[in-house]
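This report goes through the packing of one predicted protein model. Please look at the sequence and structure below before reading on.

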Amino acid sequence: MPTTTLVSVKPPPPHSPILLKKNSNFIPARVSQRSPHSFRVSSLSLSLSDMDTSSGQSILYPLHRCKTLHLVRHAQGFHNVEGDKNPDAYLSYDLFDASLTPFGWKQVDNLRQHVKASGLSKRIELVIVSPLLRTMQTAVGVFGGEAHTDGVDAPPLMNENVVNSSRHAISSLNSPPFVAVELCREHLGVHPCDKRRGISEYQNMFPAIDFSLIERDEDILWKPDIREKNEEVAARGLKFLEWLWTRKEKEIAVVSHSGFLFHTLSAFGNDCHANVKSEICTHFANCELRSVVIIDRGTIGSDESFTNFPGKIPQGLDLPSDVADEKLFGSGPSK
């Protein structure tokens with residue numbers, strides 16, 4: 001897609017999810033004026049309202065209120081090539097629902113090797129994909145099983161030679177489930193490359209992708225004369241991230257588009273160091289993968305921890321020493 005313009009998007013409200021760059025240990029922060037040497041920790045999270053963005057205090061969150069997202073922009077499509085030559089090409093119906101170029105498939109193969117070598121292929125529990133050819137081809141090529149063989153009692157993720165791709169069928173065996181979600185589509189409207197086909201046509205191409213969350217066979221979201229505004233894309237992105245909390249999976253791959261990822265992520269990182277904000281919010285290259293952590297600060301999700309343990313089993317005495325001192329010497333209220 002053409003380079004999109006950075007828009008001013010308000011930071012998420014206090015109870016919205018927030019994003020942290022995967023593998024970053026700190027969000028730069030300073031302690032509030034009312035408490036120069038401490039910060040408040042609740043049972044849910046450390047409150048960002050008690051901190052500023054200057055001194056580098058670490059932040060703690062309960063693990064079960066976090067999800068790891070592996071965000072991927074689709075590989076090179078034919079619309080990218082033609083649009084780079086002439087931006088007016090994006091208005092051409094010759095690029096309707098553009099598929100991957102041969103070079104795009106090489107990008108897919110390279111990312112697949114990285115995903116396997118890094119161990120991500122064994123950790124990802126779910127793949128969410130925008131229902132367009134280029135994103136679904138990228139998703140199944142990167143995160144799908146090996147080449148599909150006849151006689152296997154499982155539908156392939158992609159049939160052989162879809163849209164003359166000259167690619168073998170891709171197996172759904174030993175791969176996570178794939179779910180198509182319209183909330184993570186590219187800018188809607190005007191550009192035919194961003195208009196999808198009928199779901200029934202996709203089901204014949206990608207038999208093992210779950211399209212059940214898409215209500216209409218035809219594309220009723222794309223309009224030939226109205227292009228979705230940047231702030232509307234960002235709002236849709238925040239709605240998508242909130243929807244993620246209805247899923248039980250904790251490590252999820254999302255295969256989407258440049259504009260959607262850029263404008264969604266631009267709503268985050270305003271409470272971080274400028275370098276972290278830049279890591280979160282810069283444009284994605286074709287077939288780029290970035291891993292981030294999304295944090296539920298407002299109990300949007302309801303999952304309980306699978307790793308926490310209540311302790312004190314069997315029943316026994318566990319009076320902390322500081323509480324014992326308080327009881328013995330009357331230095332404070334008993335707890």
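## Nonpolar cores

The largest nonpolar core has 35 residues, and among these Phe 143, Phe 206, Ile 209 and Phe 211 touch the most other members. A nonpolar core here is a set of buried Ala, Val, Leu, Ile, Met, Phe, Trp, Tyr and Cys residues joined through side-chain atoms within 4.5 Å. Buried means under 20% relative accessible area, exposed over 50%, and partly exposed in between (1.4 Å probe, protein chains only). At least two residues of this core come from each of α2 (102–117), β5 (126–129), α4, β6 (178–180), α5 (199–205) and β8 (251–256). Helix α4 gives the largest share, six residues. A second, separate core holds 27 residues, including Leu 71, Leu 241, Trp 243 and Ile 252. In soluble globular proteins, nonpolar side chains tend to be buried together.

## Basis of the values

The model is predicted: local features need pLDDT of at least 70 and side-chain atom pairs count only at pLDDT 80 or more, while totals for chains, interfaces and linings use all residues. Residues are numbered from 1 along each chain as its sequence is written, and side-chain values use heavy atoms, with hydrogens and water left out.

## Overall content

The protein chain contains nine helices and nine strands. Helices (H or I, at least four residues) and strands (E, at least two) are DSSP runs, numbered from the N terminus. Of its 335 residues, 50% count as buried. Among contacts (heavy atoms within 4.5 Å) with a separation of 6 or more, 76% join residues 24 or more positions apart.

## Phe 206 and Phe 211

Phe 206 is in the loop between α5 and β7 (209–210). Its relative accessibility is 0%, so Phe 206 counts as buried. Beyond its neighbours within four places in sequence, Phe 206 contacts Leu 133, Met 136, Gln 137, Val 140, Pro 156, Leu 157, Met 158, Val 162 and Phe 211.

With residues up to four places away in sequence not counted, Phe 211 touches Met 136, Ala 180, Ile 199, Tyr 202, Gln 203 and Phe 206.

## Helix packing

The axes of α6 (residues 230–244) and α7 (residues 258–265) come within 8 Å and cross at roughly 80 degrees. Axes are lines fitted to C-alpha atoms, for helices over the stretch in contact, and angles run from 0 to 180 degrees between N-to-C directions. The two helices, α6 and α7, are therefore roughly perpendicular (65 to 115 degrees) to each other. The α6 side of the contact includes Val 233, Leu 238 and Phe 240, and the α7 side includes Phe 260 and His 263.

In α1 (residues 78–85), His 79, Asn 80 and Gly 83 are buried. Seen down the axis of α1, these buried residues fall within an arc of 100 degrees, so they line one face of the helix; the arc is that of the directions from the helix axis to the C-beta atoms. Their cover includes β4 (66–73) and α4 (133–143).

## Positive phi

Most residues other than glycine have a negative phi. Ser 166, not a glycine, has a positive phi of about 60 degrees. Ser 166 sits in the loop between α4 and β6 and counts as exposed, at 66% relative accessibility. Cys 287 also has a positive phi, near 65 degrees. Cys 287 is in the loop between α8 (274–281) and β9 (289–295) and is buried, with a relative accessible area of 9%.

Technical notes. Angles under 35 degrees count as roughly parallel, over 145 as roughly antiparallel, 65 to 115 as roughly perpendicular and the rest as oblique.
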